[in-house]
Amino acid sequence: MTDSKILYGGDYNPEQWPRAVWEDDYAAFDKASIDTVTLNVFAWATLQPDEDTYDFARLDEIVARAVEGGRGIVLATSTGALPPWLAHRHPGVERTDFQGRRHVFGQRHNACPSSPVYRRLSAELAGRIAERYAGTPGLIAWHVGNEYGGFDGGCWCDLCAAGFRDWLRARYGTVERLNEAWNATFWSHTFSDWAQIVPPNMLSEHWRGPDHTAFQGITLDYRRFMSDAMLANYRDEKARIREHDATTPVTTNFMGMFRPIDYHRWADDLDFASWDNYPPGPREHARMALAHDVMRGIKDGAPFWVMEQTPTITASRDVNPVKRPGVLRLWSWQAVAHGADAVLYFQMRQSKGASEKYHGAVLDHAGRTDTRSFREVAALGGELAGLGDAVVGARTPARVALLFDWDSWWVAEMTDGFNRHARYVDTVLAYYRALWQAGAQVDVVPTTADLTRYDVVLAPMLHVLKGDVAARLAAVTERGGSVLASFWSGRADEDANAYLMDAPGPLAPLFGIRVEETDSAEPGVANPVTLTDGADEVVSAAQLVFEVLVPEGADVVGTYGTEFYAGTPAVTRHRPGGADDGGEAWYVATGLDDAGVEWVVRRVLDRHGLVGPYADVPDVELAVRAKDGVRFAFVLSHATGPVEVTAHASGVDLLTGRTVRQGETLRLDPTDVVLLREDPPGEPA
Ligand code: GLA
Ligand code: ZN
């Protein structure tokens with residue numbers, strides 16, 4: 001990766017328009033300080049017009065022009081969409097969907113990951129591209145495939161069924177062990193031969209859709225298998241690239257919190273993480289921050305890339321509003337603030353036709369550079385260029401960890417019982433939002449992460465409790481740290497079977513409670529939970545899930561206001577090491593509203609001095625990166641009106657060059673960004 005600046009540019013498909021236009025493109029790139037182009041994402045059909053012929057003439061020209069223009073090149077392998085001849089010649093290479101329908105040629109993200117033909121030809125193409133373009137001046141990364149799983153998350157064909165059986169054999173060894181893991185005595189599912197196993201979809205274990213399965217264990221294993229099957233596709237290509245290029249980093253573009261694929265299983269095979277940021281709405285700043293942090297957590301906090309975002313509008317939604325003035329800049333700096341070392345777009349110039357012809361682009365159909373949108377793109381490019389390498393490679397100095405677990409996500413949402421309205425990401429986001437508003441720096445990590453680095457560890461809805469997680473959470477409190485878990489944690493083991501003990505299973509001793517009943521209510525039906533800490537009291541309208549707790553050592557911090565369990569604990573705090581030494585373990589047994597979650601989270605953070613300086617200014621974000629002992633504080637205003645804050649440190653705003661003194665009033669207009677290079681503590685500005 002280059003380390004001279006934050007990379008800026010994105011997907012560029014000059015194969016879609018005449019050569020003469022390329023010159024206009026590059027002139028515009030210069031105006032916008034665009035230094036990086038991602039080439040060749042979807043060109044398989046022209047690179048390989050038939051099974052025995054490869055034709056790189058056009059890609060040669062495209063690459064040569066990028067080299068001539070001195071751009072950084074991200075070279076894709078083009079394997080995210082099949083060419084028509086391949087589907088025609090090899091029926092079965094197209095995926096079979098969750099309904100069990102075998103697809104014919106069309107769309108993209110359309111290959112069966114288990115197809116030997118796809119695996120052979122995709123790897124061959126990647127290898128030939130690498131052979132030809134390895135060593136190209138400016139080549140900064142290889143981009144394998146595209147948005148794996150991006151159709152309905154996988155394939156359910158006979159080839160995948162066979163692959164699933166192999167995967168299960170490797171995992172379980174014997175059918176007996178498999179029957180045990182799947183609790184197969186239920187509904188007469190005892191298998192006597194691997195051959196009897198079929199993929200879980202609408203023809204087998206599912207009804208109503210992916211969230212309704214008769215056997216969570218089967219669906220869970222299929223999702224793990226599908227994550228691995230697609231990873232195998234990526235590995236096939238990466239291995240062929242590595243035959244020709246030993247060092248250039250290899251990645252693929254993820255989709256943030258994308259449920260079908262467990263991105264943590266891919267961590268070791270990515271040289272860096274990257275993702276495509278298309279938030280579902282205009283006010284999703286905390287969700288975007290969470291997604292950035294999930295992506296940064298894949299590679300243990302190393303910088304990641306935003307591989308795609310739109311400069312203006314998306315095209316895939318029913319309603320596609322433009323980004324308001326200043327929003328592109330704000331969201332781009334937010335990405336950098338959370339650890340992105342590249343801010344790239346889909347796309348450089350609008351397509352002439354097909355499904356994304358109205359998707360926003362740096363250059364519109366007319367190629368104008370005098371539009372509001374282009375001016376904002378160019379201004380941001382200028383700022384990023386001006387910043388140089390200041391924050392490149394810098395890391396987030398987090399003292400707080402939040403556990404993010406695909407197994408828990410999958411199992412919590414595919415299990416009958418309790419309440420289908422309580423969703424994993426909603427719950428995680430509720431806690432993350434409180435941390436975010438408080439200005440705490442957070443690492444969002446897999447359950448296998450080293451927790452010894454953190455003062456605070458949050459585990460919202462840690463439904464599936466695996467391995468030594470309970471012991472490692474207990475260790476956090478043993479050295480004085482704080483942990484927090486929410487309802488539905490510690491319910492299921494790694495096979496998705498219930499623990500044969502009180503909930504929250506092996507976590508119960510740490511939290512000093514047991515769950516006796518789990519009540520549920522329709523959305524909108526609230527139970528007022530009174531949270532009190534001596535002087536301070538708040539009433540939170542709790543919804544959806546209401547666990548009835550029996551304290552076994554924990555102190556009661558919040559109580560239910562209604563129902564037969566009125567007056568019983570809804571939020572508890574346990575001090576497993578005794579009253580004044582050791583740490584604290586908080587348990588939140590219900591779906592507190594935002595105010596309630598914030599009340600709890602603030603107390604947890606406060607104990608460790610981790611509430612940030614702008615915690616009480618709504619929608620003002622503080623995100624910090626640090627390197628070589630220097631802290632870079634990004635202060636971002638997502639507020640809808642002007643706000644005033646008191647500067648928390650002295651330093652220089654690297655975006656304006658202005659000197660800021662600690663304690664001075666900073667006025668932030670909506671979308672304003674301050675990037676403060678903090679003076680070392682103790683030194684006057
Ligand atoms: C995804 C894809 C791109 C493009 C954009 C449009 O991220 O990777 O090819 O389709 O979406 O939103
Ligand atoms: Zn398949």
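Start by selecting ligand 1 and E356: an oxygen atom of the ligand is 2.4 Å from an N or O atom in the E356 side chain, a polar contact (a pair of N or O atoms within 3.5 Å). This is a predicted model, where local features need pLDDT of at least 70, side-chain atom pairs count only at pLDDT 80 or more, and totals for chains, interfaces and linings use all residues. Residues are numbered from 1 along each chain as its sequence is written, chains are lettered from A and ligands numbered from 1 in the order in which they are written, and side-chain values use heavy atoms, leaving out hydrogens and water.

Then click on D276: an N or O atom of its side chain is 3.2 Å from an oxygen atom of ligand 1.

How much of ligand 1 does the protein bury? Taken alone, ligand 1 exposes 310 Å², and the protein buries 95% of that (areas by the Shrake-Rupley method with a 1.4 Å probe).

Now show the residues around ligand 1, those with a heavy atom within 4 Å of it; among them are F42, R108, N146 and Y278.

Finally, select C112 and C155. C112 counts as buried because its relative accessibility is 0%, and buried means under 20% relative accessible area (1.4 Å probe, protein chains only). C155 is also buried, at 0%.

Definitions and conventions: Polar contact = N/O pair within 3.5 Å; in protein donor to acceptor, adjacent residues only side chain to side chain. Buried < 20%, exposed > 50% of the residue type's maximum accessible area, 1.4 Å probe, protein only.
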